[in-house]
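Please look over the sequence and the model shown below. The paragraphs that follow begin with a pocket and then turn to individual residues and rings.

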Amino acid sequence: MKSKKKNVELVVLVNSSGKKTGIAEKMEVHEKGWLHRAFSIFIFNSKGEMLLQQRADTKYHFGGLWTNACCSHPRPGEKITAAAKRRLMEELGISTKLSMLNSIQYCFHDSKSGLTEHEFDYILTGNYNDAIKMNPDEVKSVKWLSMTALSTELSRYPQKFTPWFKLIMRQKPLTEK
């Protein structure tokens, strides 16, 4: 659901328990650092490798950094899983069954953009082995990494990854479904 202004996305504001408290424009929410609903999708292939995406340089915050397969926000009235499937298709051309694992809350400021990502983030996983059709407006690049290779990259080059990805990888075990 978009507001009547052109290209203005609405997101769901929540309290620390994840319960809806309102609706606001996405950019205002990130400018003011308000807590809002989000999701992060982790995709694995049959080799147990994780799909990573490098965010497009033009993303409104944390552009050019590597992260999990897809992250976004459900629209008002949209179920988390439905929103996750929509964005996975929009960003990577992927359609797959997703399972909800858990949730995490975080707050990270992007000094380049001046925006803050303060999210109640639902974590979903899925499996996929077919072609990826990247949307260049959203994704700069993708790669599959084994968990060992990913752990090495996170240790050697932490500055190349989004802060929420690093936090989730440290705190939330990801079970391949």
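The lining of the largest pocket comprises nine nonpolar, four polar and 13 charged residues. In this classification Ala, Val, Leu, Ile, Met, Phe, Trp, Tyr, Cys and Pro are nonpolar, Asp, Glu, Lys and Arg are charged, and the others, Gly among them, are polar. The model is predicted: local features need pLDDT of at least 70 and side-chain atom pairs pLDDT 80 or more, while totals for chains, interfaces and linings use all residues. Residues are numbered from 1 along each chain as its sequence is written, and side-chain values use heavy atoms, with hydrogens and water left out.

A pocket is an open set of points on a 1 Å grid over the protein atoms alone, where a 1.4 Å probe fits and protein lies on both sides within 12 Å along at least five of seven lines; its lining residues have an atom within 4 Å of a point. The largest pocket holds about 390 Å³ of space, a volume being the space filled by probe spheres set on the points. Of the 26 residues that line this pocket, the closest to its centre are Lys26, Lys59, Tyr60, Ser72 and Arg87. Helix H2 gives the most to the lining, with four residues. Helices (H or I, at least four residues) and strands (E, at least two) are DSSP runs, numbered from the N terminus.

Lys59 is found in the loop between strand S4 (50-55) and strand S5 (66-68). This residue counts as buried because its relative accessible area is 16%; buried means under 20%, exposed over 50%, and partly exposed in between, with a 1.4 Å probe and protein chains only. Leaving aside residues up to four places away in sequence, Lys59 touches Arg87, Glu91, Asp137 and Glu138, where contact means heavy atoms within 4.5 Å. Ser40, in strand S3, is also buried, with a relative accessible area of 0%.

Aromatic rings come next. Rings of Phe, Tyr and Trp (its six-membered ring) pair if their centres lie within 6.5 Å; planes under 30 degrees apart count as stacked, over 60 as edge-to-face and the rest as tilted. Five aromatic pairs are found in the whole structure. Phe42 and Phe165 form a stacked pair, 6.0 Å centre to centre with 15 degrees between the planes. This pair links distant parts of the chain, since Phe42 in strand S3 and Phe165 in helix H4 (residues 163-171) are 123 residues apart. Phe161 and Phe165 are likewise stacked, at 5.8 Å centre to centre and 20 degrees between the planes. Together, Phe42, Phe161 and Phe165 form one aromatic cluster.
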